[in-house]
Amino acid sequence: MAKKSFDIQINTAWCKGCEVCVAICPKKVLEMSDKPAPSGYFTAVVKRQADCIGCMECELHCPDLAIEVKSKKEEVKSDAKGG
Ligand code: SF4
Ligand code: SF4
């Protein structure tokens, strides 16, 4: 059975490196980068995307609205027959 997966996007132009998302993620999906982004901030990065449960806590608590969590469409090849 396919596991539900999520796509996490961090807008490094907006991230100010406050670490709120890293602290709040219950699955430790996010970590802080060890290299500064072009903005000069050490931003959050997605480290264990497969562990994300889509709780949206990171997106909801990011003070800079820099995170977007999207549910990935399951790539199931069906014939789309019936209905
Ligand atoms: S949606 Fe939840 S589990 Fe996924 S990265 Fe954000 S806080 Fe972590
Ligand atoms: S909560 Fe937002 S601004 Fe803070 S580190 Fe995470 S992505 Fe960056």
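Is Cys 18 buried or partly exposed, and how many other C-beta atoms lie within 10 Å? Cys 18 turns out to be partly exposed, with 17 such atoms around it. For the cut-offs, 20 or more other C-beta atoms within 10 Å make a residue buried, 12 or fewer make it exposed, and anything in between is partly exposed, with C-beta atoms placed from the backbone.

## Ground rules

This is a predicted model, where local features need pLDDT of at least 70 and side-chain atom pairs count only at pLDDT 80 or more, while totals for chains, interfaces and linings use all residues. Residues are numbered from 1 along each chain as its sequence is written, and chains are lettered from A and ligands numbered from 1 in the order in which they are written.

## The fold at a glance

The chain has 2 helices and 4 strands, and along the sequence they come in the order β-α-β-β-α-β. Both kinds of element are DSSP runs numbered from the N terminus: H or I over at least four residues for helices, E over at least two for strands.

Of the chain's 83 residues, 17% count as buried. Take the contacts between residues at least 6 apart in sequence: 63% of them join residues at least 24 apart. A contact here is a pair of C-beta atoms, placed from the backbone, within 7 Å.

## Around ligand 1

The shell of ligand 1 holds 16 residues, and Cys 25, Val 29, Cys 52, Cys 55 and Cys 58 come nearest. To be in it, a residue needs its C-beta atom, placed from the backbone, within 6 Å of the molecule. Strand E1 (6–10) and H2 each put in at least two residues.

By class, this shell has 13 nonpolar, 1 polar and 2 charged residues. Nonpolar covers Ala, Val, Leu, Ile, Met, Phe, Trp, Tyr, Cys and Pro; charged covers Asp, Glu, Lys and Arg; the others, Gly among them, are polar.

## Around ligand 2

Ligand 2 is surrounded by 14 residues, with Cys 15, Cys 18, Val 20, Cys 21 and Cys 62 the closest. They split into 9 nonpolar, 2 polar and 3 charged.

Back to Cys 18: its place is the loop between E1 and helix H1 (20–24). Its C-alpha atom is 8.5 Å from that of Pro 63, 45 residues away along the chain.

## Two positive phi angles

Met 56 isn't a glycine, yet its phi is positive, about 70°. This residue sits in the loop between strand E3 (44–46) and helix H2 (57–61), and is partly exposed, with 13 other C-beta atoms within 10 Å.

Leu 65, also no glycine, has a positive phi of about 50°. You'll find Leu 65 in the loop between H2 and strand E4 (67–71), where it is exposed, with 11 other C-beta atoms within 10 Å.

Terms used:
Two residues are in contact if their C-beta atoms, placed from the backbone, lie within 7 Å.
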